[in-house]
Amino acid sequence: MPVNETLSTYSDWCYGAATLIYVFAMIGYAIEQAFTRTAKKSEVAVLVGAGGPEVDTPDGGPAYGRVEAGAGRSRAERAGRVAVALTALGVALHLGSLVLRGVATQRAPWGNMYEYGMATMLVAVIGWLVLMRKFDVRRMGVFVLTPVVILMFLGGTVLYTEAAPVQPALQSYWLVVHVSAAIISSGLLLIPGVFSLLYLAKVRHDADQSRFARLGPKLPDADTLDRLAYRTTIFAFPIYTFGIICGAIWAEAAWGRFWGWDPKETVAFVAWVVYAGYLHSRATAGWRGSRAAVINSVAFAVVVFNLFFINLVVSGLHSYAGG
Amino acid sequence: MTRLRRLSAFLRNTWRGLTSMRTALILLFLLAIAALPGALLPQRSLNPPRTADYIARHGWWGELLDRLQFFDIYASVWFSAIYLMLFISLVGCLLPRMVEYARSFRARPVLTPRNLSRMPHHVTGETATDPDEVVAKAGARLKGWRTEVREEADGSRTISAERGYLRELGNLVFHFAMLGMIVALAVGKLYNYEGQVIVVANGSQFCNSGTASFDSFRPGLRVDGTDLNPFCLRVNELDVDYLDNGQADQFTVKMEHQAGEDLDNGTWRPYDLRVNHPLRIVGDRVYLLGHGYAPTFTVTFPNGEQRTQTLQWRTVDDLTLLSQGALKFDPPGITDSAERRQKQIAITGLFAPTAIYDGTLLSSSHPELRDPAVAVDVLRGDLGLESGSGQSIFDIDQALVDSGRLNRVARENLTVGEELTLDDGTRVRFDGVDRWGYLQVSHDPSQVWVLVFSIAMFLGLGLSLVVKRRRFWVRATPSGDGFTVVTVGGLARTDQAGYGEEFSRTASTLFTLLSPRRSP
Ligand code: HEM
């Protein structure tokens, strides 16, 4: 099937533009982060509903009502709002780039490393936009967008692949199912990876104010960071599990066995086990908190290792790297 | 006596240690860490030549790793040991806990705690609704919760509610499915087999009758190759569609198969085997793993007799399918073996599906059959076929050439239909070419169970992560002046994450159902 060159060129332009706009958004978040004095104390939420009583949350914990900001927006806050708008614009271009690739090649646009990375980052950013609506964490944007921008840049340069049809082993609806599950889960897992690291910084800071002295006060409280990481992980983990199962089903049809310890399979298994360890550590006294956060960060490191190192350095049956 | 007691204490402690949840998790981590080098070091089961090469290049270090089974990790003693210990530990850890889980799955909601304001979530309000009605309204609001209404000594009415019991069920299902999967995987390791065979796609047949029918065969631990599922294949045609750039787009093997009764009455059923679409037959699967070319030559001997052979040549360049191989002919009608050994004929050389020449040097520019040609050497003399030692089907024995017992008598490029003539009148004709397919037959009786358990694991995992076990209590206490003090408390039994929102919603709708306190 021929590739539509014009559309694939437009796709490349969109990709570049999206990356650039993410850079600007990142700067916006960074400004907000830098000029915000301290973290807002979570205010008492007022229940919506006629004549409802005030609900206090004695553990100082979750205040889920939409908390309105005080009057008069600071300059920092305006930078943050611009950053969100830019992020949304970036997502639109990013999505455009992915869709154009798909139309240009007449197949699911995740048949090689470049496309895979592009789609994964798109999920990460969309996940971030959703998260911002649910939690008051906008100022953390710079920590999410920085890895996104780095990976987008690497993807667009080192991994870039011309639009082309895929080889027979990849022509299967399992490509759509298995790979999209892998994309969605690894994209989303970027967020807990980042937030677990921030959590570790925050906990260190809480224990000793001189550590992470500049960053610490600006982070949301440790509990919020922890909960955010956990909730995103338990959302993404079953998708990851589903992806591995679909991969095994596909491998049975394509390669003659459902599991063969191909390097990619092996590392996916390792990451899965580490995430399982994270979930258990959250349910084990004495392991909550820092240890769990370390495990979660390690787990994400394994996912990234699988995406880059295994695909690029170790050759296996997974034939993305060659394009 | 004391020794016996000490031994039993030791065994008991070992068992306890081995079956604690922490040990199981550590073993699981250990399994993951043990699996990891397999992603970085070449593995014999996946790529034998690269493994050999790696060992050769790394000297004593490679040999040490080899002795420690680092190139056969997933079949190694230590990997299997971790696997086995994990299994034992899992059984020991899960069974008692699962009894507990099952009990808690059926449990009634617990008593309302004395002091609800100590709960992580709580609200207090006053209403003109009387306690009985408060409890009735709360009960109606708490649809989908397991509830228990109780009366306390001071006249308070309480309702305890709990929901999210499915979480326990999910957890049970997940962990047991994991256990089942480990067993199914082990059964697979015992009873599976995998055999590879090259079949020329010109109507050649293959029957799954024993290990000898294969070019290579890898049995599971309890398989000796005598009891394979009987079926036969007839490979008629292998089509490959190419893109303009020479990339293969689709492979199709047009074949026929027979199994069961068909074997007796000779019925053949057609099947198109493709990548991603294996043939599933009597519990086995047949895959196409690779393909290549098999040239056909006819030798016409001086006495007029003809011999025709078609044989697979091996691919030397994956992109252009330039192939290399050898055909070996015995001269007909010669009974004296010494004489025969002077007149045997071998044809060796290169085959190009799309020929290009550099001078007379043949190579290939495209994998498709556009302009097939061969560059052959014809040798005459002793092929060493009687020597009893096995020979590669792709090569002649170079030692015989070096010792002068096998001599080159012609070298020429031929296209289809062309022939060359030797000094004794023997003619060698290049007739054409067929394709061969590299087929794999796989058998794994437990893989469907692995699938069933993995789906159960997925569903169980989903349930246990999505469903939150949480409690909700209402206490309605008459305040003495005709009003009712209503206290509502909530507790998430598992992770707190996300209960606050729901608690607030439930509590506030409950309060809107109650009449507000009239001003006195
Ligand atoms: C291999 C992957 C495993 C996964 C993905 C997994 C998953 C889970 C999940 C999601 C939970 C609920 C955790 C929570 O309360 O938030 C859980 C609980 C539990 N798991 Fe596993 N598990 C695994 C292996 C094991 C192993 C090896 C054991 C060992 C005995 C085990 C024993 C338990 C027990 C006893 C609980 C209940 C813990 C509690 O709620 O306090 N699991 N598991």
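This is a predicted model: local features need pLDDT of at least 70, side-chain atom pairs count only at pLDDT 80 or more; totals for chains, interfaces and linings use all residues.
Figure 1. Side chains of opposite charge can pair when their charged atoms come close. Over all chains, the count of salt bridges comes to 40.

**Figure 2. The contact of helix 7 with helix 8 in chain A.** Helix 7 covers residues 263-282 of chain A, and helix 8 covers residues 290-312 of chain A. Their axes come within 8 Å and cross at roughly 170 degrees. Because of this crossing angle, helix 7 of chain A is roughly antiparallel to helix 8 of chain A. The residues of this contact comprise 18 nonpolar, 5 polar and 2 charged.

**Figure 3. The interface of chain A and chain B.** In this view, 57 residues of chain A are in contact with 57 residues of chain B. The two chains bury about 4,600 Å² between them, and 68% of that area is on carbon and sulfur atoms. Across the interface of chain A and chain B, 2 salt bridges are found. A salt bridge also joins A:Glu252 to B:Arg280, where the closest N and O atoms are 2.6 Å apart.

**Figure 4. The domains of chain B.** Chain B is divided into domain 1 (2-104), domain 2 (113-164 + 468-513) and domain 3 (193-443). Between the C-alpha centres of domain 1 of chain B and domain 3 of chain B, the distance is 44 Å.

Key:
Residues are numbered from 1 along each chain as its sequence is written. Chains are lettered from A and ligands numbered from 1 in the order in which they are written. Side-chain values use heavy atoms; hydrogens and water are left out. Domain bounds come from an automatic or database domain assignment. Axes are lines fitted to C-alpha atoms, for helices over the stretch in contact, and angles run from 0 to 180 degrees between N-to-C directions. Helices (H or I, at least four residues) and strands (E, at least two) are DSSP runs, numbered from the N terminus. Angles under 35 degrees count as roughly parallel, over 145 as roughly antiparallel, 65 to 115 as roughly perpendicular and the rest as oblique. Ala, Val, Leu, Ile, Met, Phe, Trp, Tyr, Cys and Pro count as nonpolar, Asp, Glu, Lys and Arg as charged, and the others, Gly among them, as polar. Contact means heavy atoms within 4.5 Å. Buried area is the accessible area (1.4 Å probe) that two parts lose on being put together, summed over both. A salt bridge is a side-chain nitrogen of Lys or Arg within 4 Å of a carboxyl oxygen of Asp or Glu.
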